[in-house]
Amino acid sequence: MNQKYADVLNALEDCIKACNHCFDACLKEEDVRMMADCIRFDRECADICSYAIQSITRQSPFTDKILQLCAEVCEQCAEECGKHDHDHCKQCAEACRKCAEACRSVA
């Protein structure tokens, strides 16, 4: 595997963990309906990050394009999570921003 993706893989894994934690915590919030968009973006983001990891590790010819899309999804998730004051949302937004930056640095 190409060494240039080592940092991206770490960022992708961190983002998946943060999104999954945020997703679970949002489901436990008092007003779950208010968190619906956050929950949706958490899922989308975790899924595209997982797919990006698969793309990198199998050396897909589409890796750069997948990473570009991943960066877009991560930014959208960060934007949505940034609208909420919950710690899990703030942590998720930060992980998503870092992941988007990492994806763009190699794509």
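These are my notebook entries on the structure above, which is a predicted model.

**Entry 1: overall fold**

I began with the secondary structure. The protein has 4 helices and 0 strands. Along the sequence I read the pattern α-α-α-α.

Next I looked up the dimensions. The C-alpha atoms fill a box of roughly 45 × 15 × 15 Å along the principal axes. I then checked the radius of gyration. A compact globule of 107 residues would come near 13 Å, and the protein has 13 Å, so the two agree.

**Entry 2: surface and contacts**

How much of the protein is buried? I found 45% of the 107 residues in that class. The accessible surface is about 6,200 Å². Carbon and sulfur atoms hold 46% of that surface.

**Entry 3: helix α2**

Which residues of α2 are buried? I listed C38, I39, D42, C45, A46, I48, C49, A52, I53, S55 and I56. The list includes the cysteines C38, C45 and C49. It also includes the isoleucines I39, I48, I53 and I56. D42 and S55 are buried in α2 as well.

What covers these buried residues? The cover includes α1 (6–27), α3 (63–81) and α4 (87–106).

I then stepped past the end of the helix. Q59 follows α2, and its phi is positive, near 55 degrees.

**Entry 4: the loop between α3 and α4**

I went to G82, which lies in the loop between α3 and α4. Is G82 buried or exposed, or in between? Its relative accessibility is 45%, so G82 counts as partly exposed. The reasoning rests on the cut-offs: buried is under 20% and exposed is over 50%.

I also noted a distance from this loop residue. G82 and A93 are 11 residues apart in sequence. In space they sit 5.8 Å apart, C-alpha to C-alpha.

**Entry 5: aromatic rings**

How many aromatic pairs are there? My search of the whole structure returned 0.

I then looked for a charge over a ring. R43 lies over the face of F23. The distance to the ring centre is 4.8 Å.

Notes
Residues are numbered from 1 along each chain as its sequence is written. This is a predicted model: local features need pLDDT of at least 70, side-chain atom pairs count only at pLDDT 80 or more; totals for chains, interfaces and linings use all residues. Side-chain values use heavy atoms; hydrogens and water are left out. Rings of Phe, Tyr and Trp (its six-membered ring) pair if their centres lie within 6.5 Å; planes under 30 degrees apart count as stacked, over 60 as edge-to-face and the rest as tilted. A charge sits over a ring if NZ of Lys or CZ of Arg is within 6 Å of the ring centre and within 35 degrees of the ring normal. Helices (H or I, at least four residues) and strands (E, at least two) are DSSP runs, numbered from the N terminus. The radius of gyration is taken over C-alpha atoms; the globule rule is 2.2 Å times the number of residues to the power 0.38. Buried means under 20% relative accessible area, exposed over 50%, partly exposed in between (1.4 Å probe, protein chains only). Accessible areas come from the Shrake-Rupley method with a 1.4 Å probe; for residues, only the protein chains shown count as cover. Contact means heavy atoms within 4.5 Å.
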